[in-house]
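Colleague: Please take a close look at one part for me: the charged side-chain pairs. I would like cut-offs with every term.

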Amino acid sequence: MPDSTPVRVARELTARGYNADRAAVTLLADEPDPDAAVERVADAASDDALTLSADDVRALLDDANADDAPAATPPAEPPDTTTDGGAPADVSAAADASATPPAGSTPTDASSGATAGDESPTEAGSPDETRGGESASVGGRTPTPPAVAEDVTGHSTGTGEYGDFVTVFRDRYERLSKKLRGRINHRPTDALDAMPGGSDAAIVGMVNDIRSTASGHWLVELEDTNGTFPALIMKDRDWADVVDELLLDEVIAIEGTLADDGGILFADSVHFPDVPRTHRPNTADRHVQAALVSDVHVGSQEFAGERWDAFADWLHTPDAEAVEYLLVGGDMVEGVGVYPDQDEELDIVDVYDQYRAFSERLKDVPGDMEIVMIPGNHDAVRLAEPQPGFDEELREIMSAHDARIVGNPATVTVEGVDVLMYHGVSLDEVIAEDGDESVSYDAPHNAMARLLKKRHVAPQYGGRMRVAPEEKDYLVIDDVPDVFHTGHVHKLGVGEYRNVKLVNSGSWQEQTAFQKSVNIDPDVGTAPIVDLDTLDITVRKF
C-alpha cells in the first residue's frame, strides 16, 4: 500500500465493506505493513460488523499475530493527549497546531457578513500536502448523538383539504402573534372598527395585501382571526422603506393613529417577531467542530467529485481532528426532472443509482463522525415544505454510514448548540421580493437574516414556495437558534444577526447550463467549519 496514510487505509476498508473509527484507522496505518494488516482484519472481521473500533482492530490483529508469531506484540494505542477542555489533541502535530493556522483555511469574522466575494478562502492543498506526511491521530472519540426538534418526519397528517390550510395559517398567526402582543397595546380588527377616530391603536396581523396609493404611499392590509384592517404607511416617513422587505402572509404588528372616520390606521411604526436583542447563544463546553455542507448533487455531470474527495481526505487529517460532526443541508443528489432539459446534464440517470453513488462518497467520510442530513428540492421527497426525511428504501441505500436523516427544516442540537437546518428554497422568494440591494444571491446570509427577523423560514405562500398544510406550522422559528444553516442558492455566505451565526454553505456542483442561463455563478467546494465552543467560523475551500 503506497503512502500508508489513514485515508488509504479507510478506503481499503470501505472497499471491503467496512467502516472504521479514526483510532482503528490509526492503528492499521501504524502497522509495518498496513496493506497486509487491512487484509488480515477484513478477513477476520465478522460479516455483520458495520464499524470497526480500535478494540476490534487490536483484537483481530492480536489473533492474526498469535497465529503467525505468538510472541509478537500488538501495536500500542495512541497515547491519551486530551486537552484541558476535553478535546483530544493531535499526537503528531500538537506542538505546532496552536502556533500555526491550518493550511488552506480562512478565518471568517462572522459579524462582518463576509461572503466568498469579500474574502477568498485559501485553496486547500492536495491530500498529501494537507497531511504533511503525518498520520492523523484521533484518540477514538465518540461524538454525542445530536438531538432533533421541530421535525415533521413521521408526523405528517395533512390531506390537502381546505381546512388543513386554515389550520396551519391559524397556528402560524397564533404562535407569532404571541411574540408581538406583549410589545404593543394590541386590539383585534373588530375592536378597531368600534374605536373613535383619532385614537392611538395597534394591530397584530398577517399581511393580506400590500399596494401603493395614487399619492405614492403604501397601504398594508392586515388580517387576524376576526377580519381585516388597513394601515397606511406614508412615503415621507424615514422608516417607510420597511415596506420593501414585507412579504405576504408574514405576521407583523403596526402601531399608529386611527383616521378621523376610524376606517384606517396611520402607521407610526412596524414591528416584526424578530430575534431579541438580548439573545445570547449557547456554546459547547469543549473544543469541537462541525462541518456544514450542502448541495452535493451527485449524479450531475458537473458534480465536483475531485473536490469532494479532497474534502473527505482532509477530514482524515490532523487539521480536522476536532471536526466530529457533518451537517448536510440537502440536495444530496441531482435528482430527475427538477428543471427543463435536466436529463441532458445527468451523469447518472436513475435517481436510486444517484443515491447509491452518493452513499459511496459518504463512505469516504471518517466512520466515527456523526452525520445529520436533511432533504432539498432536488431530493426524492415531496417538494412541498416541510419536507419529511427520506423513505425507508432511500434510508437503506444510505445506511452504510448510519447517518441521522431528518426533515427540512429541523433544529439539531449539537454539543448544546442549536443549529437550525433549512435547505433554503424560500431564499429565492426573499431575494426576488426584497427591495434592498444587499439582499442578493451574492450575499445569501442577508436574506437569511430577513427570515430570522420574521421568525419563519418560508413566510410567503404560493409563488416559488410550495407549502404542505399540517396540524401545525413546522416552518415557524419558535426558538432562536445559535446557528442558522442553509444551502440551495449555491453561494457561500457567512454572517451574523443578533448573535445568531448565519451560514449558507455553497455547493459541490460546478456551473450547469441551466445555472448559466439564470446567471448563477456557484461557489464550489466550500465547507464552513464552526467551532462549537466559540461559534467562530472558518471557511475551507477544496
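**Salt bridges, pair by pair**

Modeller: Glu-31 is buried, with a relative accessible area of 10%. Buried means under 20% of that area, exposed means over 50%, and partly exposed lies in between, using a 1.4 Å probe and protein chains only. The areas come from the Shrake-Rupley method with that 1.4 Å probe, and for residues only the protein chains shown count as cover.

A word on the basis. This is a predicted model, in which local features need pLDDT of at least 70 and side-chain atom pairs count only at pLDDT 80 or more, while totals for chains, interfaces and linings use all residues. Residues are numbered from 1 along each chain as its sequence is written, and side-chain values use heavy atoms, without hydrogens or water.

Glu-31 has a partner. Arg-40 forms a salt bridge with Glu-31, and their closest N and O atoms are 3.4 Å apart. The term covers a side-chain nitrogen of Lys or Arg within 4 Å of a carboxyl oxygen of Asp or Glu. Arg-40 is partly exposed, at 23% relative accessible area. By this rule the model has 25 salt bridges.

Next, a pair inside a helix. Arg-58 and Asp-55 form a salt bridge with 3.0 Å between the closest N and O atoms. Both sit in helix α4 (residues 54-68), three residues apart, or about one turn of the helix. Helices here are DSSP runs of H or I with at least four residues, strands are E runs of at least two, and both are numbered from the N terminus. Arg-58 is buried at 18%. Asp-55 counts as exposed, with 54% relative accessibility.

Now a pair across elements. Arg-450 and Asp-434 meet through their side chains in a salt bridge, 2.6 Å from N to O. Arg-450 belongs to helix α13 (residues 444-454) and Asp-434 to the loop between α12 (426-433) and α13, so the pair ties together parts 16 residues apart in sequence. Arg-450 and Asp-434 are both buried. Shared partners extend the picture: salt bridges join Glu-245, Asp-434, Asp-436, Arg-450 and Lys-453 into one network.

Finally, the setting. The protein has 14 helices and 20 strands. Of its 542 residues, 56% are buried. Its accessible surface is about 22,200 Å², and carbon and sulfur atoms hold 45% of that. Contact means heavy atoms within 4.5 Å. Among contacts between residues at least 6 apart in sequence, 71% join residues at least 24 apart.
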